[in-house]
Amino acid sequence: MEKSSETSLAQAREFLKNAQISKAHQVLEERLPYELQNDELRQTLTYVHYWEDFILTLQELESPFERGESLILRWKQFSAQYCEAPGSTPYEQSIDALRQGIFQLALENYQSLFQLSNQDQKAEILRKTGLCYKALGDYEKALKYLNEANSLAPGSAPVLAEMADCYALYGEERIAKVLFREAFFVDAEKVDITLLESELITTLISYVENMGYTGSELKSWIPVYGVLYGVFNIKRELRALEAGKLKQSVFQLENELKEARGNASLLKPRLINHYFWLVDYYVNTNDDHARINEILLKIKLLDPVVHDKYVV
């Protein structure tokens with residue numbers, strides 16, 4: 001690639017890092033007639049076209065929260081189309097520059113709400129602030145805000161999942177495994193898997209996707225295969241009150257499945273995951289092995305394949 005095209009791309013990326021999409025567009029358009037065969041320049045211009053009108057109309061949204069949400073939603077759509085779609089060839093430097101600009105802009109919108117939000121809104125704003133810092137690569141700041149969010153909304157699955165992702169990216173894999181397991185147990189459907197970045201979880205997600213699961217089913221099976229393949233292998237002890245609630249939830253799920261009162265394709269993996277937690281509880285409390293065998297039999301009747309892969 002000629003130096004002039006390298007210079008144009010470098011200049012455009014600097015504009016992208018500051019969400020100055022129109023300026024990046026101008027630089028690339030000026031160079032394009034001389035670089036029609038330059039795939040990277042043409043693809044970066046395609047990225048710019050995707051974002052330019054959106055950024056120009058963003059200020060029409062009155063609420064900073066709505067602007068932040070719109071930016072993140074647009075990023076997920078962009079990522080699905082240009083980074084993850086089969087056959088796509090993402091140009092990482094340009095995508096990273098865009099990521100920095102888009103999430104910095106989203107961050108500024110969320111931060112402007114810190115003094116205005118009530119207690120309920122604050123946890124979500126803190127979570128999104130942490131998510132933005134994670135996307136920008138500042139995991140320490142991300143964890144600071146995510147921990148604040150967790151203190152305001154303890155046990156929130158989306159918060160726990162983002163915390164887990166940050167710890168994994170930070171190299172604290174043991175903590176990450178505990179938190180991921182917790183998040184997918186609390187409410188797998190509320191975990192936004194599209195913005196999880198760590199190899200620890202993305203590899204597991206890809207594996208379950210390749211089995212043909214999508215949407216809510218995919219999320220419900222992730223914790224099951226997380227246990228089967230040793231990703232969710234760090235466990236915490238349940239308190240007596242938690243164990244009581246777990247048993248109650250198991251009874252409720254069994255009845256829902258038996259009476260066909262819910263979506264069986266979702267109830268089945270949820271119940272299996274609950275069984276896993278119940279087995280862990282009995283093992284940790286040195287309970288009568290007959291209870292463990294009873295749960296293992298229930299797993300076998302529900303899904304023989306899972307039963308054969310499961311190791312207590």
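Which residues lie nearest the centre of the second largest pocket? I opened my notebook with that one, and found Phe185, Val186, Asp187, Arg270 and His274 among its 15 lining residues.

**Ground rules.** I am working with a predicted model, where local features need pLDDT of at least 70, side-chain atom pairs count only at pLDDT 80 or more, and totals for chains, interfaces and linings use all residues. Residues are numbered from 1 along each chain as its sequence is written, and side-chain values use heavy atoms, with hydrogens and water left out.

**Pockets.** I took a pocket as an open set of points on a 1 Å grid over the protein atoms alone, with protein on both sides within 12 Å along at least five of seven lines; a cavity is a set where a 1.4 Å probe fits but cannot get out, and lining residues have an atom within 4 Å of a point. Points are joined across faces, edges and corners, and a volume is the space filled by probe spheres set on them.

The second largest pocket comes out at about 290 Å³. Helices (DSSP runs of H or I, at least four residues, numbered from the N terminus) that give two or more residues to its lining are H9 (173–187), H11, H12 (240–258) and H13 (264–284). H13 gives the most, with five residues. I sorted the lining by class (Ala, Val, Leu, Ile, Met, Phe, Trp, Tyr, Cys and Pro nonpolar; Asp, Glu, Lys and Arg charged; the others, Gly among them, polar), and got eight nonpolar, three polar and four charged residues.

Next I looked up the largest pocket, at about 700 Å³. It has 26 lining residues, and the closest to its centre are Ser79, Glu84, Ile193, Thr194 and Leu196. Here H5 gives the most, with five residues. The classes are 12 nonpolar, five polar and nine charged.

**Asparagine 273.** Beyond neighbours within four places in sequence, asparagine 273 has contacts with Phe184, Phe185, Pro223 and Val224 (heavy atoms within 4.5 Å).

**Cysteines.** I searched the whole structure for disulfides and got zero (the cut-off is a pair of cysteine sulfur atoms within 2.5 Å). For cysteine 83, the nearest cysteine sulfur is that of cysteine 132, 17 Å away. Cysteine 132 is buried at 0%, whereas cysteine 83 is partly exposed at 25%.

**Aromatics.** My search gave 23 aromatic pairs (ring centres of Phe, Tyr and Trp, its six-membered ring, within 6.5 Å; planes under 30 degrees apart are stacked, over 60 edge-to-face, the rest tilted). Tryptophan 75 and phenylalanine 78 are 5.2 Å apart at 45°, so that pair is tilted. Both lie in H4, three residues apart. Phenylalanine 78 also forms a tilted pair with tyrosine 82, at 5.2 Å and 40°. Phenylalanine 78 and tyrosine 82 are both buried. One aromatic cluster takes in Tyr47, Tyr50, Trp51, Phe54, Trp75, Phe78, Tyr82 and Phe103.

Methods:
Buried means under 20% relative accessible area, exposed over 50%, partly exposed in between (1.4 Å probe, protein chains only).
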